[in-house]
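Biologist: I am new to this structure. Please take me closely through one part, then show me what else is worth a look.

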Amino acid sequence: MADKIRLGIVGYGNLGKGAVKAIKETPDMELVAVFTRREPESLTLNEPSVKAVHISDAINFKDEIDVMLLCGGSATDLPEQTPHFASMFNTVDSFDTHAKIPEFYQSVDEAASKNNTTAIISVGWDPGLFSINRVMADAIIPNGENYTFWGKGLSQGHSDAVRRVNGVKNGVQYTIPSEKAIEKVRSGENPKLETAEKHRRVCYIVPEDGADTAAIENEIKTMPNYFADYETEVNFITDEELQRDHSKAPHGGFVIRGGNTGDNKQIYEFSLKLDSNPEFTASVLVAYARAAHRLSQEKQYGAKTVYDVAPAYISPRSQEDLRRDYL
């Protein structure tokens with residue numbers, strides 16, 4: 001296909017690797033380079049046409065890349081990387097610290113608006129697809145309540161957060177929804193649920209040799225925006241156990257709104273069941289890269305969210321095809 005959208009990837013963890021796979025399935029896009037803080041020679045890309053480049057050299061690719069996919073973690077990477085890269089490239093990221101999205105948006109919008117780039121932030125499934133469905137449900141059934149349940153599944157953002165705790169060698173975090181709470185919501189009760197009533201969090205941690213496990217557990221359980229408001233269980237395991245029992249990344253969840261239209265009870269539900277959280281999230285990033293490129297071509301610069309992007313902008317299909325086949 002002529003005039004393919006040229007992409008770069010910053011970060012080659014699980015999300016970055018998922019993005020490589022997603023781009024290969026997308027005929028109107030091509031991957032130019034993967035940017036890393038590691039030695040580029042240490043990356044095994046298995047893609048002869050794709051360059052591995054140190055992150056400090058990204059500026060040299062301004063004319064070769066249409067959209068940069070930022071695949072770092074929300075805890076420390078993206079707050080610095082997104083404004084930095086948005087000053088040079090159109091970007092898409094998956095920043096998922098919900099409480100900090102407003103301030104993150106402001107910092108990215110300043111960088112992108114000043115430099116005439118388009119930066120779509122907080123893309124994925126939550127925030128992202130779930131965000132869209134919360135707004136739609138609220139608009140359609142104004143007399144009601146929204147509920148979001150995550151899991152059972154391995155959370156990329158929360159796993160990244162626990163791995164950054166001092167003394168942690170490796171680790172993962174699972175979010176477990178309350179089946180009792182879900183059934184109450186589906187019944188149309190519209191219950192008032194505290195944060196801790198909806199989910200609990202379970203961590204499996206490989207500590208560094210000689211690390212203070214009590215200090216690790218306390219830091220995880222008191223971490224604001226991630227664990228402080230939840231019942232959190234911390235388990236210490238070996239490297240071997242982590243690889244054997246926790247190497248996959250399933251996830252999913254539900255957005256449910258219960259409400260009334262007149263005298264009738266209505267339930268709106270959107271759900272996902274994912275074998276691989278990072279691969280699915282990466283696929284969403286890649287789809288929104290198409291939107292970032294199109295918005296940039298229309299000179300719609302600055303930070304954007306999924307609320308600003310019409311569905312047609314993320315689709316490779318023409319408007320005529322969409323009306324004929326999907327409307």
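Modeller: Start with a pair of helices. This is a predicted model. Helix H2 covers residues 77-86, and helix H3 covers residues 101-115. Their axes come within 8 Å and cross at roughly 15°. An angle under 35 degrees counts as roughly parallel, so H2 and H3 are roughly parallel to each other. The crossing of H2 and H3 is right-handed.

Now look at the residues where the two helices meet. H2 brings Leu-78, Pro-79, Thr-82, Pro-83 and Ala-86. H3 answers with Phe-104, Ser-107, Val-108, Ala-111, Ala-112 and Asn-115.

Next, move to a sheet. Its 3 strands run in the order S7-S12-S13. The sheet is open, and the pairing is antiparallel. Strand S7 (144-150) and strand S13 (264-274) stand at the edges. Each has a single partner strand, so one side of each is left without a neighbour in the sheet. On average, neighbouring strands here are turned by 10° against each other, direction ignored.

Follow strand S12, residues 251-261. S12 and S13 pair in the antiparallel sense over 11 bridges.

Then turn to helix H5, residues 156-163. H5 is mostly covered, with 6 of its 8 residues buried. Those buried residues are Gly-157, His-158, Ser-159, Asp-160, Ala-161 and Val-162.

Pick out Ser-159 within H5. Its relative accessible area is 1%. Buried means under 20%, so Ser-159 is buried. Leaving aside residues up to four places away in sequence, Ser-159 touches Leu-154, Gly-171, Val-172 and Gln-173.

Last, check the cysteines. Cys-71 has 8% relative accessibility and counts as buried. Cys-203 has 0% relative accessibility and counts as buried too. A disulfide is a covalent bond between the sulfur atoms of two cysteines. With sulfur atoms within 2.5 Å as the rule, the count comes to 0 disulfides.

Terms used
Residues are numbered from 1 along each chain as its sequence is written. This is a predicted model: local features need pLDDT of at least 70, side-chain atom pairs count only at pLDDT 80 or more; totals for chains, interfaces and linings use all residues. Side-chain values use heavy atoms; hydrogens and water are left out. Two strands pair if DSSP finds at least two bridges between them. Helices (H or I, at least four residues) and strands (E, at least two) are DSSP runs, numbered from the N terminus. Axes are lines fitted to C-alpha atoms, for helices over the stretch in contact, and angles run from 0 to 180 degrees between N-to-C directions. Buried means under 20% relative accessible area, exposed over 50%, partly exposed in between (1.4 Å probe, protein chains only). Contact means heavy atoms within 4.5 Å. Angles under 35 degrees count as roughly parallel, over 145 as roughly antiparallel, 65 to 115 as roughly perpendicular and the rest as oblique. A crossing is left-handed if the near helix is turned anticlockwise from the far one by less than a right angle, and right-handed if clockwise.
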